[in-house]
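Visitor: I would like to go through this model term by term. Please set each value against its definition.

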Amino acid sequence: MKLYCLSGHPTLPCNVLKFKSTTIMLDCGLDMTSTLNFLPMPLVQSPRLSKLPGWVLKDGSTFLDKELKECSGHVFVDSVPEFCLPETELLDLSTVDVILISNYHCMMALPYITEYTGFTGTVYATEPTVQIGRLLMEELVNSIERVPKAQSASMWKNKEVQRLLPAPLKDAVEVSMWRKCYTMPEVNAALSKIQLVGYSQKIELFGAVQVTPLSSGYALGSSNWIIQSHYEKVSYVSGSSLLTTHPQPMDQASLKNSDVLILTGLTQIPTANPDGMVGEFCSNLAMTVRNGGNVLVPCYPSGVIYDLLECLYQYIDSAGLSNVPFYFISPVANSSLEFSQIFAEWLCHNKQTKVYLPEPPFPHAELIQTNKLKHYPSIHGDFSNDFKQPCVVFTGHPSLRFGDVVHFMELWGKSSLNTVIFTEPDFSYLDALAPYQPLAMKCVYCPIDTRLNFIQVSKLLKEVQPLHVVCPEQYTQPPPTQSHRTDLMIDCQPPPMSYRRAEVLTLPYKRRYEKIEIMPELADSLVPLEIKPGISLATVSAVLHTKDNKHVLQVRYNGKGRKISLHRVSCHLGPQLFS
Amino acid sequence: MPEIKVTPLGAGQDVGRSCILVSIAGKNVMLDCGMHMGYNDDRRFPDFSYITQNGRLTDFLDCVIISHFHLDHCGALPYFSEMVGYDGPIYMTHPTKAICPILLEDYRKITVDKKGETNFFTSQMIKDCMKKVVAVHLHQTVQVDEELEIKAYYAGHVLGAAMFQIKVGCESVAYTGDYNMTPDRHLGAAWIDKCRPDLLITESTYATTIRDSKRCRERDFLKKVHETVERGGKVLIPVFALGRAQELCILLETFWERMNLKAPIYFSTGLTEKANHYYKLFITWTNQKIRKTFVQRNMFEFKHIKAFDRAFADNPGPMVVFATPGMLHAGQSLQIFRKWAGNEKNMVIMPGYCVQGTVGHKILSGQRKLEMEGRQILEVKMQVEYMSFSAHADAKGIMQLIRQAEPRNVLLVHGEAKKMEFLKQKIEQEFHVNCYMPANGETTTIFTNPSIPVDISLGLLKRETAIGLLPDAKKPKLMHGTLIMKDNSFRLVSPEQALKELGLAEHQLRFTCRVHIQDPRKEHETVLRVYNHLKGQVFPFFFYPPRNGLELIILR
C-alpha cells in the first residue's frame, strides 16, 4: 500500500493511494495562495494600480519592469493570476482509477486533472459538493475571464531571474508549473465525470475495494471516506468539524478500527475560537455601520456565509441595523442562496425539522423576502441603481486579487470610516492587503474556521483508535510562528507518519487473507474431520474461478459433465497431500 | 436449507392495505403498513394479530420499512405503532417522513371528525409514531443491526418514493413499493442496480397493460380538458394532494400559458400550497430537467392555478378543478362531483387507479346510477373519462425492472389476481425464474442456497493463481487446500500451513506397483528411456529421476 503525496498544502490535499491493485486519488485541492503574488485585477480601470512603478533590480537593470510592479515595498507580478497545481509528474495520472472528493473546496483542481492528464476514471462526490463546487468554479472562471489582461508574464519565472527577486517571489515553489485558470467548457467536462453518491453508500471498485463517504460535518455534503477491503480499512479524514453549524454532524463511529487513518484539513487558525470570531464579526460590523461607514466582507459564495447571514438575521434587529442594506454580489449569489435551501437531507437536525413543516431551512430566505438582503450577479447593472451607503457587502474573492471585491477595496480603501472584515482563513490577510497599501480603511481579522482543532483531533484519535496515522508534516510540529506551542500538533501513539509534497510513503501494512466463496454444492461434498476438540479439518480440491476480483470455489466437473467426487479428487488430484 | 418466508397481510392479490411480512435469515421485516380505501370496518387495516396474538410487536419485528407516503402504504402506521404497540425502528426517505404525517392527519380528520368514528388514532399518536421514524438517504446502506442492512433506491412513483433492498449476509430481498419506469413531467424513472436478490417483491397494478407513450396520453388529456372548457363545461379532476396532482398542474399550467387560456384552474384544499412547497424544498427528488432549471424558474410556482373555495363550484362558466381525494370516496371531490354530475356538458377525468367499492371505481365500470348516502339516487350524466396517469410501471416496465435486478425469484403483490396470473406466466417464461403470487395470509417459502464465505490465505491464493501453463487470470484453475474450521471461523490455507499451525506431523503415502518390461536394452538405459518419455507428458506426474539406476518411482 503506497501513498503518493501530490500537494503540500495541508487543507487543500491531493494524495494518491495505491491499494489492492486500485489507484485512488483522494481530493484534488488547488493551492490559490500563489495568486497573492499577483496584482489585483480591477473591474474598472484603476489609476492607482496602473501607475505603480516597475520593479528595478539592485544593479539598476530594468528588464523586468513590465512584468513586476512595486507597491509599498512589495513586488507583484502584473499578469493574469496563476495557481499552483498538485504534482503531476510523481506518477502517471492517467492510471488513476477513481477520484474521491471530500468537500467543494477540495475539488478546485479537478479540471486540471481530468482534462490534461489522460484521466479516464470516475470521480465520486456528493450532490451538494458537486453543485456548490460548480458554483465556486463558475465564480472563479467568471471573475478572471471578465477582466481580459493582455499581458502574460513569464520572464520572472526563469530560474536565474527568480533567484534575484525579493521574497516571497524568490521562494515560491515550482513556478514553472503554475497554470492559468481553466475555462467553463473544461469545468463542465470535468464535472460530467462525477458520479453522485450519498452518505454511507457502499461503492464497489472493481470488486476489490469498497469506498464509502461519511458525513464530516464541515460543509454541505462534505465527507470523509472509508476505503476498505474485507480485511483492511483505510480512513481518509479531510475537513471535518464537530461544531454544530448547518451541515449534518460528523459520523465518527464509522471511522473506528481503521488500520490507517489519513488526516488532513484541520483548522488553519488553531488559536481562534469560531464562536468568538462570529461575535467579533457582528460587533465590528455594527460599530462601523453606526459610524456611517461601509463594511466589506471578502468571502466565498457558499459555506460560512450561510452561518454569518443566520447570525446577522438574529442580530440586526437588536443592534438597530434593520435599515442597513446587505448586499451579496457574486455571479452565483442567487444560485448559492437557492441551492442552500434544497439540500434538506444534508443539513443538521434542526434545519431538517424546519423543512418538514415545510419552511426553508435557512433564514436568509426571509432576509431576501423582507428586502434586507439583496443579491446581484455583479456591480454592473441593477446594483449600481440600488446601491445605498452605508451598507454591508459580501463578495469574492477572499484573496482580494479578482472578483468584485477589488472594486470595493479601491472604492472604500481611502476612508477610515470603512472596515474590511476577513472571515475566510485561506489567505493571510496581511498578504491579501499588501497591493492596496497604504490603506486608510480599518481591517479586522475574524477568521472563522470550523474544522477540527488539535484538542478535538486527539480526542477523536483516542476514540477511533487507528493503528497508524498519516498526516501532512505541518501537523507534526508546532506552527513556525509559535514554536513554543507544542499543544498545536498531533499527539498520538505511535507517532504519526508525516508526508510532504512529492513524497511517496509506503504504508506499514501486510495483507494476509482474502475472501473466497465456497459454492453450496462443494460445501456439501466436504468431509470435515475433527482432529482436536473444536477444530475440524477438511481437504478441499476444487476449481477456482476468479471474476471481477471475486473468488469462488466450485466442484470440479469432468469432461462428461459428471462431478468428480471428493474421494476421487483427493486420491488422484491431491498430490500435495501425499508428496 | 436456508429459506426466505413471505406473508402478505395486505396487497396479496389485491390493491390497497399494502403490508408484507418477510423473514430472512432469522430477521423479520415488515414492508409497508397501509390502509384499504375500499373498507370502513376492521378490514381497512392489516391483521397484526397474525404476527403475535399477545405481546409487543417489537419483540417479533426487527424493523418496518415504508416505501412512500400514499395511505395504502402508510395509513395504518399510527394504529400499528401506537395502538397495537411497536417501538422498533421505522425507515422511510426524508420526503416521505415529511409528508406522511400530513396525509395521516388528513385521513384521521375525515374519519373521526366527519364520519364521527371513535377508537381511531389521535393526532398525538401520529406525532409519537413519527418519532420512531429514521430517515434514510437514497443508496445509503443502513445497518439496522449487525447483520441486517437495508438500502433505498429511487422509485419515481411519487416524491420520495423508494424501493428497498433488505440484506442479511449474502441473502437478500428487494421490495419495489410502487414504482414507475418512465420519467414524467416532475419525477425521474425508477432505477435499481444489478443486485441479484434471492427474491424480488414487485407491485403489479398494471400487470397486463402496456401503455402507449406518455406524450399521446398527455395530448389526449389536454384535448379533452380544452374541448370541455371551450363549450363552457366544468372539468373535475379528482387527485391525491401530492403526486399526480403536481404533474397534471405542470401540464395544464404550460398548456394554459401556451394557448393563452383564461378559464380558471383551481386546486381544492389548503394542502396545495403546502404540498407545492414540499416539492420546492425536495427538488433534488424530482427529475433532471426541473432540478437543472429551478434557480431560474421553479416549476412548482404556478401562475394560473389558484386556491379553490367551496362557493366557486356554483359559479357559472367553465373551470377546471383539482379536488381531493382521488378515488371520489369522500371529501371535496365527492361533493363537487355530486353538484356537477347531472350536467352532460361537464366532465370528470379520473387520472388514476380506483379501488373497488369507491365511487370512482363504480363510474369507471360504467355505472350511471349511484346510490348515495340516505338512499338518494344520483344520476351521472357528465362525461366520465379515465386516463392512466398513475405512476405505476406497466407490464413492460415490470419486465424491465426484473431484467435490471436479475432476481432468482419473483413475488407479485399489489395487483388483481387475474392479471397477476398472466404476468406470472410471462415472467416464468421469459426469465426462467419462479414467480409467486400469494393471497393475503398465505405464506410463500423460498429456499436459498447461499455460498459460504471463507478466509483464504493470500499465499495460497497467489500460489494457485500463479500456477498454470497460461498466465490467463480468467481461466478456472484447480486448487488444493485445507479448510480449518474453528469456532465460527473458516480458513482455507495450504496443507503445509495447516500442518504447521496444528502441530501435526506430515505422513507420506507412497503407492507403488511393479511393471515388467521386456526390453533388450540395458537396465539403466531402459529406465532412462521411460523417464524421458514421461517427462514429456503434460499430465501432472510427480516422479523422481532414476536412483541407483535401478528403480523408477512415479507418483501420480
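Guide: Two strands pair if DSSP finds at least two bridges between them. In strand 26 of chain A, A:Leu553 is the bridge partner of A:Ile518. The model is predicted, so local features need pLDDT of at least 70, side-chain atom pairs count only at pLDDT 80 or more, and totals for chains, interfaces and linings use all residues. Residues are numbered from 1 along each chain as its sequence is written, chains are lettered from A and ligands numbered from 1 in the order in which they are written, and side-chain values use heavy atoms, with hydrogens and water left out.

Visitor: How do you know that strand 23 of chain A is joined to strand 26 of chain A?

Guide: 2 bridges join strand 23 (residues 513-518) to strand 26 (residues 550-554), and the two run parallel. At least two bridges are required, so these strands count as paired.

Visitor: What joins strand 25 of chain A to strand 26 of chain A?

Guide: 5 bridges join them, and the strands run antiparallel. A:Lys547 has A:Lys550 as its bridge partner. Strands 25 and 26 of chain A form a hairpin with 2 residues between them, and A:Asp548 in the turn has a positive phi of about 50°.

Visitor: What makes strand 8 and strand 22 of chain A edge strands?

Guide: The open sheet of 7 strands in chain A has the order 8-7-6-3-2-1-22, with mixed pairing. Strand 8 (194-197) and strand 22 (503-506) each have a single partner strand, so one side of each lacks a neighbour in the sheet. The twist averages 25° from one strand to the next. For strand 22 of chain A, 4 bridges join it to strand 1 (residues 2-5), running antiparallel, and A:Cys5 stands opposite A:Glu503.

Visitor: Which elements of chain B count as strands and helices, and how many are there?

Guide: Helices are DSSP runs (H or I, at least four residues), as are strands (E, at least two), numbered from the N terminus. Chain B comes to 15 helices and 27 strands. An open sheet of 6 strands there has the order 14-13-15-12-16-19, with parallel pairing. Strand 14 (305-307) and strand 19 (383-386) of chain B stand at its edges, so each is left with one side without a neighbour in the sheet.

Visitor: How is helix 9 of chain B placed on strand 12 of chain B?

Guide: Helix 9 (residues 331-340) lies across strands 12, 15 and 16 of chain B, at about 150° to strand 12. Axes are lines fitted to C-alpha atoms, for helices over the stretch in contact, and angles run from 0 to 180 degrees between N-to-C directions. Helix 5 (residues 214-230) of chain B runs at about 140° to strand 12 of chain B.

Visitor: Which residues of helix 2 of chain B are called buried?

Guide: Buried means under 20% relative accessible area, with exposed over 50% and partly exposed in between (1.4 Å probe, protein chains only). In helix 2 (residues 77-85), B:Leu77, B:Pro78, B:Phe80, B:Ser81 and B:Gly85 are buried. In chain B, buried residues make up 55% of the 556 residues.

Visitor: What is B:Phe221 in contact with?

Guide: Contact means heavy atoms within 4.5 Å. Leaving aside neighbours within four places in sequence, the partners of B:Phe221 include B:Ile237, B:Leu248 and B:Phe389.

Visitor: How does the radius of gyration of chain B stand against a compact globule?

Guide: The radius is taken over C-alpha atoms, and the globule rule is 2.2 Å times the number of residues to the power 0.38. For 556 residues a compact globule would have a value near 24 Å, but chain B has 33 Å. The C-alpha trace of chain B spans about 125 × 55 × 45 Å along its principal axes.
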